[in-house]
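Please read them with the structure open beside you.

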Amino acid sequence: MKIAFIGLGNMGGGMAANLVKAGHAVHAFDLSADALTAAEAKGCTTFTDASEACDGVDAVVSMLPNGGIVKSVYTGSVIGHAPEGAVLIDCSTIDVATAREVSEAAAAKGYAMVDAPVSGGIAAAEGGTLTFMVGGTKEGFKASEPVLSAMGKAVIHAGDAGNGQAAKICNNMLLAVQMIGTAEAFAMAEKLGLDPQTFYDISSVSSGQCWSMTSYCPVPGVGPKSPADNDYRGGFATALMLKDLKLAMEAAETAGVDTRIGTKAKELYEAFDAAGSGSRDFSAIITEY
Ligand code: NAD
């Protein structure tokens, strides 16, 4: 397939490279000259104009910073420029309302568009092991699946337009709450005289067990290797977790949902970020305890 890829940053760079590896011809566009040079080295053809990158393609994939940018790129350079049969796939994490608005604008011009945010960070983007949560029509999902499969290990249809974003923010709100809970439990166990490894051995096979403990333990030297073992470098940055929590709180307000623990998690990550920890892995919140 011929695929336009817009936004070749930390995540998009690895994703586009996996499309090339799968045998697709990738038309790359990014505002950053460095990102384009890196994409060219990975086998993409580069363009200096997004609408030109969309000429004659079968699919458009984007991985951009926020909803405002996604909206301006799609309404300005993709819709009306990509061929009508092309499937439009936005993999960025953005607000549910904008995802639905852009998808409607695309549908009005005859395109199938899906929102397909990811679970997994830069390593998963490079390794092709992302999980995609896809919102859109059945036809849109079917058309996007072969493209997404080349970049991930799981592609799941979450329902109509915007539902991919809804799944992503609900998942990440739960993750934030779970990580803070895990950090508090380890801190309290230690203060009460329990060795962290002993607490792990007990809780990891008891009812407190969760992903933040057994797959991503915030305590260095305990559990499988995680960013805690690398001074909280790499992994999923606090600033990105905070971005997702803000999107979750926005959606909760619009939908009138009581998310009092999610709100508290957002406040804690906000304070952690403001204290200069935005680039540290989100599990470093344990150092606040
Ligand atoms: P990034 O800042 O590294 O990359 C974004 C890229 O978009 C940059 O190269 C930038 O130059 C480009 N860009 C910005 N405006 C543009 C425009 N108008 N036209 C073309 N290109 C433009 O960010 P990232 O870490 O790759 O994240 C991208 C998206 O993926 C975000 O929505 C983020 O929330 C989501 N995400 C990131 C991670 C992660 O671990 N980094 C994990 C899951 C999801």
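1. The buried residues of helix α12 pack against α8 (163–191) and α11 (238–255), where helices are DSSP runs of H or I with at least four residues, and strands runs of E with at least two, numbered from the N terminus; contact requires C-beta atoms, placed from the backbone, within 7 Å. This is a predicted model, in which local features need pLDDT of at least 70 and side-chain atom pairs count only at pLDDT 80 or more, while totals for chains, interfaces and linings use all residues. Residues are numbered from 1 along each chain as its sequence is written.

2. Gly262, Ala265, Lys266, Tyr269, Phe272 and Ser277 are the residues of α12 that are buried, that is, with 20 or more other C-beta atoms within 10 Å of their own, whereas 12 or fewer counts as exposed and anything in between as partly exposed. They lie on the same side of α12, because the arc they cover around the axis is only 130°, judged from the directions from the helix axis to the C-beta atoms. Arg260, Glu267, Ala274 and Ala275, on the other side of α12, are exposed.

3. The length of α12 (residues 260–277) agrees with expectation, because 18 residues at 1.5 Å a residue should span 26 Å and the end C-alpha atoms are 24 Å apart; the expected span is 1.5 Å times one less than the number of residues.

4. The domain assignment, which is automatic or from a database, gives domain 1 (2–160) and domain 2 (166–288). Their centres, taken over C-alpha atoms, are separated by 29 Å, and nine residues of domain 1 are in contact with 11 residues of domain 2.

Note on methods:
Contact = placed C-beta atoms within 7 Å.
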